[in-house]
Amino acid sequence: EKTNETFEPIAIADAASDEDLIWNISLQARIDAALASGEIYLVFQPKVDVATGALIGVEALVRWNDPARGHIAPDQFIRQCENAGRMSHLTRHVLTHGCLAGQELQRACGPVPVAVNISATLLHERSIVRMVREVLSATGYDPRLLVLEITETYRIADLDRAGAILAELKALGTKISMDDFGVGAASLEALMHLPFSELKIDRLFISRMGSDPKAMGIVTNVLHLGKDLGITVVAEGVEDQKTLQMLRDSQCPVAQGYGIARPSSLEDVIIFQGLASQSAA
Ligand code: C2E
Ligand code: MG
Ligand code: MG
Ligand code: MG
């Protein structure tokens, strides 16, 4: 069942260190086959309006269900994809299927933006701009409904270059989001230099809001920062109602987390939207 999110990820070896060519070639082949066969697929997690509970977006998250090894967590195989030189291949796949899902969602629920995760390492080359443009034109998806969540911003080596590339992506009509804000280096520097319209506070801070006044202080101030900069703040990793209430009290605009909805099939998101709009009304 593709909607089951309670699996224990299986650890697999990292191909980077030993640079074993044979291993890499077979890894490339496995990744390509898994993409083609649907073993690698997407789930979607709702982003909701904190005040009303209404669905205001979804994030596409990649999953790999390998018949031999079971579920492999993205944190593990994304690094492997990179090592095997398959990151752009995976990203094109995720973008394409994200846009197609976005169109299906639009037919069922109206215009709900779809967010796709883009590894910061892809911002070193302009080919990402061509890829996004090609996927948008191949799928016919409305660029204004596509959000690009930039992950691992600390890995951006050249902020000027990344800024120029993001400006081109933005010019296509897409929105740029900064993922995992607050963890890793260079967060504020990246926020200053790059054209973000959304920032996602890492769940590290959200999960501790209730128990740690420092975490609470950081969240409150990031909310102010977002307001000052005209950037929408999303709270990641909201696991319970108490946290959601604290976010509501702090006037956080958008939230996402297991306590609201788990990553699931598109069908489940559509059902969620129906229920959320009933209770919001
Ligand atoms: P992320 O983009 O920050 O995504 C949020 C992660 O937190 C997801 O893990 C999601 O399932 C999980 N999550 C959501 N709500 C909660 C919660 O309430 N509690 C807890 N404990 N976790 C929650 P996931 O799907 O395992 O993805 C991990 C990371 O892998 C993502 O972090 C993202 O950086 C990366 N990733 C996922 N899909 C893609 C992709 O298609 N491309 C790229 N480049 N990276 C991806
Ligand atoms: Mg993300
Ligand atoms: Mg995140
Ligand atoms: Mg993360």
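Along the chain, the residues that hold the magnesium ion (ligand 2) are spaced as E-x57-N-x31-E-x29-D. They are Glu59 (OE), Asn117 (OD1), Glu149 (OE) and Asp179 (OD), and they sit 2.1 to 2.2 Å from the ion. A donor here is an N, O or S atom within 2.8 Å of the metal (3.2 Å for Na, K and Ca), and water is not among the atoms, so sites may look incomplete.

A quick word on what you're looking at: this is a predicted model, where local features need pLDDT of at least 70 and side-chain atom pairs count only at pLDDT 80 or more, while totals for chains, interfaces and linings use all residues. Residues are numbered from 1 along each chain as its sequence is written, chains are lettered from A and ligands numbered from 1 in the order in which they are written, and side-chain values use heavy atoms, with hydrogens and water left out.

Now back to the metals. The magnesium ion (ligand 2) has the magnesium ion (ligand 3) 4.1 Å away, and Asp179 coordinates both. Glu59 belongs to strand E2 (residues 55-66) and Asp179 to strand E6 (residues 175-181), so this pair links distant parts of the chain, 120 residues apart. Strands (E, at least two residues) and helices (H or I, at least four) are DSSP runs, numbered from the N terminus. Are Glu59 and Asp179 buried or exposed? Both are buried, where buried means under 20% relative accessible area, exposed over 50% and partly exposed in between (1.4 Å probe, protein chains only).

| Partner of E2 | Direction | Bridges | A bridge pair |
|---|---|---|---|
| E3 (residues 70-72) | antiparallel | three | Asp66 and Gly70 |
| E4 (residues 114-119) | parallel | three | Glu59 and Ala115 |

E1 and E2 form a hairpin with five residues between them, and Gly53 in the turn has a positive phi of about 80°. Another hairpin joins E2 to E3, this time through three residues.

Finally, ligand 1. Its shell has 23 residues, the closest being Arg63, Asn117, Asp179, Glu239 and Tyr258; a residue is near a molecule or strand if one of its heavy atoms lies within 4 Å of it. Which element gives the largest share of this shell? That's E2, with four residues. Asp179 turns up here too: a polar side-chain atom of this residue is 2.8 Å from an oxygen atom of ligand 1. An N or O atom in the side chain of Glu236 lies 3.2 Å from an oxygen atom of the ligand, and a polar backbone atom of Val62 is 3.2 Å from a nitrogen atom of ligand 1. Taken alone, ligand 1 exposes 790 Å², and the protein buries 88% of that (areas by the Shrake-Rupley method with a 1.4 Å probe; for residues, only the protein chains shown count as cover).

Technical notes
Two strands pair if DSSP finds at least two bridges between them. A polar contact is a pair of N or O atoms within 3.5 Å; within protein, one must be able to donate a hydrogen and the other to accept it, and residues adjacent in sequence count only if both atoms are side-chain atoms.
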